[in-house]
Amino acid sequence: MDFLELAKNRYSERKFDSRQIEQEKLDRILEAGRIVPTACNYQPQRFYIIKSEKAIETLKHVTPFHYNVPVMILVCYDANTVWRNPHDKWYNNYNSGEQDASIAATTMMYEAEELGIHTIWIRGFDSETVSKAFDLPDNIIPVMMLGLGYPKEGSSAHAWHFNRMPIEKMATEL
Ligand SMILES: Cc1cc2nc3c(=O)[nH]c(=O)nc-3n(C[C@H](O)[C@H](O)[C@H](O)COP(=O)(O)O)c2cc1C
């Protein structure tokens, strides 16, 4: 499928059925997150796969936005591995971690879409609570969670999906 068509078809899934994702598909999704560009190629993105009964139970305690997903990938970055930007005086001690992790998450999201797996991008959680609940080391910083699964029959996009600003409001030629 043409990429733009794929990107337009994707929507945030909030109704998942209980079917598990095939391991080969999950492996491909993780591979898509592995090979992304990162600042200075430092590769600080780290993925935690929430799939076991125990991990899913913990997930349900740390975010109301779990939507009964069969698999959630908690996308983090390693603060010891990020590129720190010496050129930027505006941000205080800017580092590339959120950008690197978000590129990985976005690429995984579209690989999933290509495989017929629906996704939901979740940021509705408290980072410290998540870190403690999954016993993450202090240098591992949660960025987002990517919910993955097959949609429930009859599921469709929320109205927000169809509400996008015109390009003239977003893009300005300088
Ligand atoms: C940074 C970010 C954080 C988000 N956090 C949540 C969330 O916590 N819960 C949720 O239900 N959706 C969340 N979403 C999904 C957005 O609400 C959704 O992408 C937006 O409304 C557009 O709809 P669409 O993805 O169906 O096109 C998040 C999306 C992004 C990019």
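How many residues apart are Glu 31 and Arg 34 in helix α2? They are three residues apart, about one turn of the helix. Helices here are DSSP runs of H or I with at least four residues, strands are E runs of at least two, and both are numbered from the N terminus.

First, some ground rules. This is a predicted model, in which local features need pLDDT of at least 70 and side-chain atom pairs count only at pLDDT 80 or more, while totals for chains, interfaces and linings use all residues. Residues are numbered from 1 along each chain as its sequence is written, and side-chain values use heavy atoms, with hydrogens and water left out.

Glu 31 and Arg 34 form a salt bridge, with the closest N and O atoms 2.8 Å apart. The term salt bridge stands for a side-chain nitrogen of Lys or Arg within 4 Å of a carboxyl oxygen of Asp or Glu. How open are these two residues? Glu 31 has 36%, so it is partly exposed. Arg 34 has 51%, so it is exposed.

The structure holds five salt bridges. Another one joins Arg 28 and Glu 111, whose closest N and O atoms are 3.0 Å apart. This pair links distant parts of the chain. Arg 28 is partly exposed, because its relative accessible area is 47%. Glu 111 counts as buried, because its value is 15%.

Now move to helix α5 (residues 127–133). Here Glu 128 forms a salt bridge with Lys 132, and the closest N and O atoms are 3.0 Å apart. Why are these two separated by about one helical turn? Because they are four residues apart in helix α5. Lys 132 has a relative accessibility of 61%, so it counts as exposed.

Next comes the ligand. Of the 14 residues around it, Ser 12, Tyr 67, Gly 124, His 161 and Arg 164 come nearest. A residue is near when one of its heavy atoms lies within 4 Å. By class, this shell has seven nonpolar, three polar and four charged residues. Ala, Val, Leu, Ile, Met, Phe, Trp, Tyr, Cys and Pro count as nonpolar, Asp, Glu, Lys and Arg as charged, and the others, Gly among them, as polar.

Which atoms meet the ligand? A polar side-chain atom of Arg 14 lies 3.0 Å from a ligand oxygen. A polar backbone atom of Gly 124 is 2.9 Å from an oxygen atom of the ligand. Taken alone, the ligand exposes 620 Å², and the protein buries 70% of that. Such areas come from the Shrake-Rupley method with a 1.4 Å probe.

His 161 lies in the loop between β4 (140–149) and α6. It counts as buried, because its relative accessibility is 18%.

End at helix α6 (residues 167–170), where Met 170 is found. Met 170 is exposed, because its relative accessible area is 52%. Together with Met 165 and Ile 167, Met 170 makes a nonpolar surface patch of about 330 Å². Patch residues have over 30% relative accessible area and no salt bridge; nonpolar side chains (Val, Leu, Ile, Met, Phe, Trp, Tyr) are joined within 5 Å, like charges within 9 Å.

Notes. Buried means under 20% relative accessible area, exposed over 50%, partly exposed in between (1.4 Å probe, protein chains only). A polar contact is a pair of N or O atoms within 3.5 Å; within protein, one must be able to donate a hydrogen and the other to accept it, and residues adjacent in sequence count only if both atoms are side-chain atoms.
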